[in-house]
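Please load the model in a viewer and keep the selection panel at hand.

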Amino acid sequence: MADILERIVEVKRDEIRALKSRYSLSALEELAGAADRVRGFQASLRSAVAAGRAGVIAEIKKASPSKGVIRADFDPAWIAGEYAAHGAACLSVLTDERFFQGHNDYLVAARKAVALPAIRKDFLVDPLQVIEARAIGADCVLLIAACLSVGQLRELYGLAQSLGMDVLVEIHDGMELEQVLSAQLAGPLLLGINNRNLRTFETRLDTTLDLLPRLPKDCEVVTESGIAAPADVKRMRDADVHRFLIGESLMRQPSPGQALAKLVA
Ligand SMILES: O=P(O)(O)OC[C@@H](O)[C@@H](O)c1c[nH]c2ccccc12
């Protein structure tokens, strides 16, 4: 059986075809040009960290392929308000419909409710999806190294930057790190290390810690997935990792904002 990442990318190919039949490139570019001004995503994380705080990207995620529905009562604007009121630096919004029960409208609603910058969390493999991200208001896009060739990574990264967006480049092992470094992207690189293996769903915080010695000095590391307890946050901060992408453990609590405050207190 094809693994989940391959299945997701197959579905994305269909979505890209549909997007192409709905919009011409110039129409989509026009929408991107008319979108709300970009809010600095990488800068917001940087200022939290400079102030001695954890820089948290708080995720708005209804469901996932590994966990099913995570939160049934799902109101993206309300959740965004919770996160903003309790110290999140940025929002992450899943827009994939098929596997994560996300939606572009959730990003629009969440971003409209607060002043925080937001990343479009999806599986981007085509320039059109990057332009679409800006058209719906995204301030940052996720580029997953495992879905992209070095050439695609360079192309999509450059395109996102040319649209004023930041990019979070995601890896989960040393091979993907080498691939990203060989792309020689314009830094300082915002590099996400996913503790969850998207092929097996196994989650190990050591994934981040093991890769740290191999990262370039100016790299801004985000540890992603599986952060559930204050001890997890402390372990990372002791290793000089101050940026976090956190979803499930917040989404499962009645007040995701209070959960966030407790986690990083
Ligand atoms: O819910 P968690 O374990 O806190 O993880 C959040 C985030 O890291 C995870 O949703 C994620 C990281 N990279 C992704 C790529 C696609 C979809 C989802 C993800």
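How far apart do the end C-alpha atoms of residues 5-262 lie, and what percentage of the span is helix and what percentage strand? In this predicted model, those end atoms are 33 Å apart, and the span is 45% helix and 17% strand. The UniProt record, an unreviewed entry, assigns residues 5-262 the feature "domain: Indole-3-glycerol phosphate synthase".

Next, select the ligand together with its surroundings. The shell around the ligand holds 15 residues, and Glu224, Ser225, Leu245, Gly247 and Glu248 are the closest. Strand 10 (243-246) and helix 11 (248-251) are the elements that each contribute two or more residues to this shell. By class, the shell comprises 6 charged, 5 polar and 4 nonpolar residues.

Then move to the largest nonpolar core, which has 77 residues. Select Leu91, Val141 and Leu143, the residues that touch the most other members. In soluble globular proteins, nonpolar side chains tend to be buried together. Centre the view on Val141: leaving aside residues up to four places away in sequence, Val141 touches Ile119, Arg120, Leu124, Val130, Ala133, Ala160, Met165 and Val167.

Finally, select helix 3 (residues 41-50) and colour Phe41, Gln42, Ser44, Leu45 and Ala48, which are buried. Why do these residues lie on the same side of helix 3? They do so because they cover an arc of only 165° around the axis. Following helix 3 comes Gly52, with a positive phi near 85°.

Key: Residues are numbered from 1 along each chain as its sequence is written. This is a predicted model: local features need pLDDT of at least 70, side-chain atom pairs count only at pLDDT 80 or more; totals for chains, interfaces and linings use all residues. A residue is near a molecule or strand if its C-beta atom, placed from the backbone, lies within 6 Å of it. Helices (H or I, at least four residues) and strands (E, at least two) are DSSP runs, numbered from the N terminus. Ala, Val, Leu, Ile, Met, Phe, Trp, Tyr, Cys and Pro count as nonpolar, Asp, Glu, Lys and Arg as charged, and the others, Gly among them, as polar. A nonpolar core is a set of buried Ala, Val, Leu, Ile, Met, Phe, Trp, Tyr and Cys residues joined through C-beta atoms within 7 Å. A residue is buried if 20 or more other C-beta atoms lie within 10 Å of its own, exposed if 12 or fewer, and partly exposed in between; C-beta atoms are placed from the backbone. Two residues are in contact if their C-beta atoms, placed from the backbone, lie within 7 Å. The arc is that of the directions from the helix axis to the C-beta atoms. UniProt positions are given in the numbering used here, feature names are shortened, and annotations may be inferred rather than shown by experiment.
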